[in-house]
Structure formats: C-alpha cells, structure tokens
Amino acid sequence: MILLSYATAIIIFCIGLYTIMVRRNLFKTVLGLALMESAVLLIIVSSGYIPGGVPPIAPFSGQAVNPLPHAFTLTAIVIGASDIALALAFIVKLHRHYRTVDLDRIRGLRG
Amino acid sequence: MMFDTAHELFRIDTFSMVMSALVVFMTVAVSIYSPGYCEERTTFRRAVFYGAPWLFCLFSCLGVVSGSWFMFTISVELSSLALFFIILLQDPKAARLYIFSQLLGAGFLLTGTALLGALTGATAIGPVPGDILWLFLTGLGFKAAFPVLHFWLPQVHGKAPTPASALLSGFAVKIGVFGIARLVSPDTGTVLPFLGSVMAIYGVGQALLQHDAKRLLAYHTVSQLGYIVTALGAGTSLGIAAGFFHTVAHALFKGLLFLSVGTLEKVYGTKDLDHLGGAARELPLTFSLFLVGALAISGFPGFSGYASKAMVKAALYEIPNPLWYWALQAAGVGTVISFCKVGYFAFIRERDPGLRPHREHMPGGRKDLMRNTGMALPAAATLTLGIFPGFFAGLGGLESNSLFGMKDLLPAAATFALGISLFWILRKWFGSGKHEIPDIDTLISKGSRLSAPVFSILQSMNCGLLRFYIAAVVAAGLALMFLM
Amino acid sequence: MTLVLAIMLPLLSAFLIPFFHLARKTLSAGLISIMGLASISAALAAAYTGWYSPAVSLMGGWAPDIGIALVGDRLSSAFLLLTSIGSGAALACALEKFGGGPWRFYALFFLLLGSMNGILLTGDLFNLFVFYEIFSVAAYLLVAFSMSWQALEAGLKYLVLGTIGALFILLGTAFTFMATGVLNMALLAEALASIPRETLTAISACLVLGLTIKTGAFPVHFWLPDAHSSAQTAVSALLSGVLIKVSIYALMRVCYIFFLGTNGTVFLAITVTGSLSVLGGHLMALRQDDIKRLLAYSTVAQIGYILIGIGCASAAGAAAAVFHTFNHMLMKMGLFITAGNLSEEKGTREICGLTGLWKSHPVWVAAFAVLSAAIVGMPPMNGFMSKWFIILSSAGAGTVIPALVIAAGTVISAAYYLRILSAFISPGEGSSSGLPPSVPRKPRRRSISFAIVGSFALLCLVLGVMAFSPFFRECFSSIGQTAVDVEAYVGLVTGR
C-alpha cells in the first residue's frame, strides 16, 4: 500500500478525464485516454506491493512482491498501445477529409 | 415450468357461441354486400377486400372462445390487423390511427395479464383483482370506445370502406365489450355505469352535430356501447344478458345502417347530409331497409332494439341510483332526433341539384341487387329478434312477454313522440351549415406539436460532438455511483 | 479441448490469412469459406459440449485461483450458437459481395470471431477484459473498413467511447483484484460477499458503466447509430446482430455471478437504463430519414428490452432476455441485409428515396415486411413471444412501468416501420413516368443474401409458433436457470 502511488494515480486519472472532456484537439483527447490508462495501470501495479519485498525474479530470497499485477499491467500496456496506435491512424486519415483536428468541427454524423 | 400460467385453452359458453354465430352472420352479410361496393382494380387489392373480413371473422371467433386473457389479446390483435389491411386500401391515415390505438390497448392488456399471472398464478379469463383492474379496463377501453379512449373511433369508422365500417361498428368494438363482460365483478359495479352513461350521452350529443353520415353513425356506436356498458355495470346476470342482447341487436342494426349509408355513398358519390336527399323515391328498397335499422335503433316496438333496450332498463331497475336510467332515456330521445335527421335529410327532402346518381349503381343493376341482399340478412334478423326475443330474454331469466308490458311500451312511445316533435322544431337549425364541436382526435394533431420539444432535446443530444458524448458518459457514471 | 479449439481455430485462420496473401495475391473465396466453416463448427462443437455436460478447461493445468479457466455452460452454449449463426450469415454475405479479395477484411473478421468465442467461454475477469479489447479493436477496424469519411468518423468515435468503457472495466477489475486478490469469476463470486460495502459499490459502478457503454444503452449509446449506419452491409448486420449480443453476454455473466446475491441495486440500475433505452431509441428512430440509422436506433431500443429482462434478476428474466437476444439477432440481421441491398440498388439510403421497390424487388420487400412485423411484436411472430416473456418476468419482479414502456415502444416502432414499408410500396417517380432508365443496369444477383434473409424471416415465424411448445420453453427456462445459478457455476469451476 503506497499512498503516494495511489494519490498520483488518482491525480493523473483526473487530469486525463479533464483533458478528454474539455480539450478540443483530437490529439489531446488521445493523450488524455493514454493518461487515464496509465493511471489505472499504476494503481494495479502498486496494489501488488508488499513492504520489504524483492522483485519477483528467480532466484530470490525473502518475500517477493506479487507478480500477478505485473502480468496484467504488461498485457494492458500492449492493449493500450494498440488502441492508441489505431486512434492515431484514424486521426491521420480523418484529417485528410476534414483538414482539421478540432473535435467541434468533426461532427458530420449527427441526429 | 417457467412461463406457464394456469389456464384452460378454451372457454366456450352460451355467450361465446352467440358471439361466434353473430360474427359469422355479419361476415356473410358483408361478403354478399361487398361485390356491390368494391371498386378495387388489381387482383391483390380485391383479394384483400374480400379475404380480410373472413380473417377477421376467424380471429374474432378465436377471441371469444379463448380461455385465457393471453389468447384473447393475441386473437384481438390479429383481428385488428386483418381490419387494418382493409382500411389501408381506402385511407392509410385512418388505418394507421386504428392500428396504433389497438396496439396500445393490446399492450395494456398484456401488462394486465402478466400482472394477473404474477399475482394469482392463473390467467384464466374472468374477474381480476381490484388493483390491476385499471389496466384491463384501459386496454379494453381502447377497443370498446370508453370516453377518452374513443379518439380513434369517429375518424376510423367514418373513413373506412363501408363493409369494414359495418364490421368495425358491428363486431370489432363488441369484442372489447365481450372482454368487459368477462371482467364483471363487484369492483366494476361503481365505474362501469358511470362510464356507460357518459358514453351514451356524449355519443348522441356529438352525433346530433355531425353532417358526415358515417361519422354520425360512428358516434351512435359510442352511444349504444354506452347502453351495453351500463347494463354490464349492473353486475347481475340479467345485466350481462341484457348487455349481450343489445350487443347482438346493435351489431345487426348498426351493420344494416352502415351498409345503407354505403349504398348512398356509392350512388350519389357523397356521405354529406348537407347535399344528399331524395333517395326515398329513387332507392325505395334501400330506404325501407334503412327504415328497419333506424326504427330498431330508436327502439320502436317490434324491432330488436326495443326488446334489447327494454331488457337493459329492466336490469337497471335493480340499481339503487336512478341517474343512469334517466341518462339512457335522454340518450334514447337524442337517438330518435338524430335518426329523424338522417332519414329526412338523406331520403326525404330535395336533393342538391348538383348531385347526379351513378348509372351502374341504380336499382335494377347487379350491384344494387348484391347490396340489398346483403342488407336484407341483418334486417330479417332484426325483425325476428324484435318479435321473438325469447332466447335472449330467457338468458336473463325474463319472460318474453314481460318485455312488451306497459312499463316499457309507455316510455318508448313517449320517447318517440318527444323526439319527433323536437326534430320538427329544430329542423331548420340542423339544415343550416356546420355546427361541429371538435372532439379529442383534433387534440392529437395539436399534441404532436406539443411533443416537438422532446424530439428536439433528443436530437440535440445526438449532436455529433464527441466531447458532449464523453461528458454524458461521465455524468451517467456519476449517476450510477449515486444510485448504488 | 473443444473449448480451446473454438477460440484457437479462428485466431489461427486470422494469423494465416496474411501469409496466404503473401503467397498468392488474391485469396479464393473457397479457402475463406473453408476456414469459416472450420471455425463455426468448432464453436458449435463447443456449444454442443457445453449444453449437455457443462465443461471446464483449465489452461496449462493451473488451478483456478492462479490460472485461467474456460467454462462452457448452457448460457455460453446459447450465445455460441447465436454467434455461429450470425457470423456465418455475415461471412456468407461478405463473400458474395466482395469475393476473396480484401484479405484484411477477412483477417479482421476471424480475429473478431476468435475473440468473441473467447469472451463467451472465459471464466476469468481479466481474460474477459483482454478478449474484449481484441474484439473491440477488430470491431473498430471493421466499422472503418470502407475508409469513407463517415466510416472513419464513426470508427473514431466508437474507438474513443469504447476505450473509455474498457478503461472503466479495467478500473473495476483493478479494484476487484485489490479487494480480493483473485480474478477468477467463480472464486470472486464467493470472495465478493465479504468485502466492505463501499468497495463493492465502486466495483459495481465501474463494471456496470463500462459494460453498458459497450452494449449501447441509452445515456451512453452515442457511438451506436454512427457506427452501425456507416459500416458496410455485412458489417452492420454483424455489429447489430452479433457484437452487441456478446456485450450483453458479458454484462449478464458479470452481473449475475458477482452481484446477484451481493448488490441488488445493480439490477435496478439496469432496469432503469433499459427503460430509458426503449424510449430514447424508439423516439429517435421516429425522426430518422436514413434507413440504416433508423435501424441502428431500433437496435438501441431492442437492447433496452433485453436490459429490462436482465434487470428482473430472476431466472425467468434471464431466459426472456436470452430469447429476445436470439430473436433480435435474426430480425435485425435480416433487416440490415435487406436495407443494405435495397439502398445499394436505389443508390440512396434516404427513406423517401427508397420508393417503387415493391415492383422491382417484391420478395425482398415481403421479407422486410415479415421481419418488421416480428420486430414490432405482432403475434404470432417470435418478437411478440419474447416481448411477452419479458413483460411476464418484469411483472413477476413486481414492477409495472417497464411493461408499460414496452407497450408504448410497440406503438412507436409500428409507426416508423410502417413508414418504411409505405415508402417501399409507394410507386415512386421512375416507374410512374414510364420512361426507360437513363443508364441501363444489370440487376445484381444476391441470391445468397436473399436466402439468408428469407430463412431468417421464416425462422422468425417458426420460432414464434414453437414458443408455445413446452419443449422449447423448457430449453430457454434451463438457460435462464443456469444463468442465475451461481452456486452451480462456482461448483463447476472449483470442483466442489
């Protein structure tokens, strides 16, 4: 239980949430998503911490921190990376049509 | 097992047999009438015109013999669908109004049935507990034209093709009444007579102001349904039998009246009483058949309407509150006035010279023969039931002679005298232009303008702005957190 | 073994397709149909196994608390059957339209199929999240496949909103892991009973929000109309018919296993969301001019019906929801394929432009009429029967309002489907003027698509009539009972 990690994670999550709700630039929306993702992953990793634990790399002596969250985080990082890559590809293609990355202009589909 | 609720498949008793016989009879009469009326070009449309009444007959028979509310609702929905197709041939807007109102009614009935199954474990057709009664009454009220829920009836019955109107007014609304008859219990004794009397008086009042003949007949349907509902509200077996007798009688004479107005429509090309006239000379057979129907609905002794109204009033003697009896009497006077009006303006006085009768529809032609034969069947039945009401009187435990006693003949005579004299006094006023009071169906078109804000709110929510969408997601998340 | 095969075969096909493309430039349609048939048979075999004897497959032999378990019970079998039929139909339509040419499309398709089977068979919460993300990425790409600006914009919005949903699911999973230390769904069912109230609230809010975003319920449905209308015909049918249903399965599994005994307000929230979806979806559909967007809003409303069924928190509700899911797949896939083909023939997607189709394509219009009667809920079609079961189960749960909302929804949906049908049947300018068309066009033969649409329409009628038979009701009742029977699920996985 590292309080600092949790607090940081919450702050980063809120910054990410603010970014996606308020910023009009599409790149910033994508960055906000990445920030939110990182915050959640930080929470996961820090949840496995055991005070006085050593990295779970064999051979080790004493108690190791929980390796399960590390596995989840790695998987989730990969997933997040592919999502962000896809989003950026969409932005590039969309820019060719709309000539802008302003979210308030990209509203052709409505009603 | 999970979705089964206890019920028998069929419940066949005297009333079911009577209603089935009635619908078959009406459909036969309408099918004989139809070749004289139908002017559809393509085979497909003609097939719908002739075939749909029989589909309606099939589903209505299934409805009246069904043993559970669920089967009843399904059969009623399917019969409405059959009629929807015929009305679609002539007036799509009225057809849409019809099917929407019927689907809404069926929705209420389904909800009621589901709650009945959840509360009692059985959905057999019969009286229901008091707290879900409103669902059933609303659902059946859409079909049986209860006061506010009747908004579809004048427009649909007025604009449908005449054979469909005859079936609609003749039988389709009766299925709703049949459902109410199955529901009758001490709980309904308070609300049904009130609703019935309001329907009776309101229907006659609106009918007096109409100049479209079919819309006038449609309002009379509302009024006569009021008689039936009031009789059912008495709650006794005499009341139920009286309701059934009037149902059968009304189906026959209202069908007859609609068919005769349909003849006028085909011969002169209009249903407007302001322009019609003089038909008694040119269509004597039609006029005499019309007269049978008009005398029956007004309650002239010797016709079925008199016997059934006498029985209804006999049932009402048992209710302590005399208000309903006098309401029905007043409606009776109004009925006499109204049919004097139709008879006079459509048949007796001089016609608008601009109207010429169509050659192929004149007497002596094949079409006229089909129409008159089709009308003769209900007319004969009306006369038979009027002179020999024994079967129905027996159902209610009365002797048939008691219906012809002084206490019934005297009010009937008084009603006639009052009605004819009032008509003669007001004759000029009726002929002088349009005096319509708007009914609820005009509110619908206004109501659709009122609902525009809802649509514009919804439409502005789907604005295309991604940031708005994300904000909506976050708001939903916060609401969820608060809810839990 | 069959459970693993159901997931591995489609994934293998997806990975092999680029290699085949390297070898020869255009793939033959035959090769793809063989791969499709293999994947679908594997899924059906898994469904069959799961139906008669619920199966558990522990990956790598690790015990449930540290490994990943694949579970196939009756609920999974029902949904596996659904996705097999749906993806088979969509694959056939796509093959008929494109042939074997676009290899990327088929690679994505098989990736989607594999991940769908993964979601349906997994017994581990984080594994669910992983498969869900693979499924979502494939879906985003399929939506944007045609590369028109509408498809790209729809794909982008779907991606952003879907990723937010996935983030909430991940957050919920994180909280669950932090509170209990296990991620296996069966073990969690036991562990969640003993965690503090506030933690449970946070977990349930995050999970339900994330999963509801993916199913497209009303307040969070905004990606659905864009995505389902801008995609190509086969993809729209797949999206509305199959992908949404897999999201519904995930919601059902998570809510029934985790929250049935512990947090009852989850189901109240789902019922409220369902009722709002019914009203919002139908009312928005009433205003649409674009036929595919109208069908997409109709999907939102039908998802509302299914959510009302789930929200009853009873076996009857679950069974009714599954029945309606199945019916909606049949109806909506048929409707989308018909609408897509007819709008291609006419060159427009506007309803007022789709006139005169009764003369030129009468059988398509007849099939559309049957399917719309089913989706509106006219007896004796299957849509009416599943609507009746949902009303019955919500009455059994004691509420009247969802049933009345469904009744109102019937009338509104009748209004807009009648509008479409009257547009189809009305004569239109081209035929009434009698002039020959300016550009003579060879009518496209779409016999396979029509065979699919016709058989779906027929199935609607057959299922509606069969719903009266006790055998059929027994089947769906058992699915419902399996869905809510948490102890049986736990016992199945842990062997107790």
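Author: What follows is a run of questions about labels, each settled by a value and a cut-off. This is a predicted model, where local features need pLDDT of at least 70, side-chain atom pairs count only at pLDDT 80 or more, and totals for chains, interfaces and linings use all residues. Residues are numbered from 1 along each chain as its sequence is written, chains are lettered from A and ligands numbered from 1 in the order in which they are written, and side-chain values use heavy atoms, with hydrogens and water left out.

Reader: Why is C:Gly241 called buried?

Author: Buried means under 20% relative accessible area, exposed over 50%, and partly exposed in between, with a 1.4 Å probe and protein chains only. C:Gly241 comes out at 0%, so buried it is. This glycine sits in helix H10 of chain C, residues 233-259; helices here are DSSP runs of H or I with at least four residues, strands are E runs of at least two, and both are numbered from the N terminus.

Reader: What does C:Gly241 touch?

Author: Leaving out residues up to four places away in sequence, C:Gly241 touches C:Leu82, C:Ser236, C:Met329 and C:Met333. Contact here means heavy atoms within 4.5 Å.

Reader: And A:Thr29, buried or exposed?

Author: Buried, because its relative accessible area is 0%. A:Thr29 belongs to helix H2 of chain A, residues 26-47. With the sequence neighbours up to four places away not counted, its contacts include B:Ile470 and C:Val160.

Reader: How do you know how many disulfides the structure holds?

Author: A disulfide is a pair of cysteine sulfur atoms within 2.5 Å, and the structure holds zero of them over all chains. Take A:Cys14: the nearest cysteine sulfur, that of C:Cys206, is 12 Å away, and A:Cys14 is in no disulfide. At 45% relative accessible area, A:Cys14 is therefore partly exposed.

Reader: What makes the span of helix H3 of chain A close to the expected one?

Author: The expected span is 1.5 Å times one less than the number of residues. H3 of chain A covers residues 68-98, 31 residues, and reaches 44 Å from its first C-alpha to its last, close to the expected 45 Å.

Reader: What stands out about the phi of A:Arg99?

Author: The phi of A:Arg99 is positive, about 65°, although the residue is not a glycine. A:Arg99 follows H3 of chain A, and its 61% relative accessibility makes it exposed. B:Ala145, also not a glycine, has a positive phi of about 60°. B:Ala145 lies in the loop between helices H5 (133-144) and H6 (153-159) of chain B, and at 0% it counts as buried.

Reader: Which peptide bond is cis?

Author: The one from C:Pro379 to C:Pro380 is cis, with omega near -5°. C:Pro380 is in the loop between helix H15 (362-376) and helix H16 (382-396) of chain C.

Reader: Why is B:Leu58 called partly exposed?

Author: Its relative accessible area is 47%, so B:Leu58 is partly exposed. B:Leu58 has its place in helix H2 of chain B.
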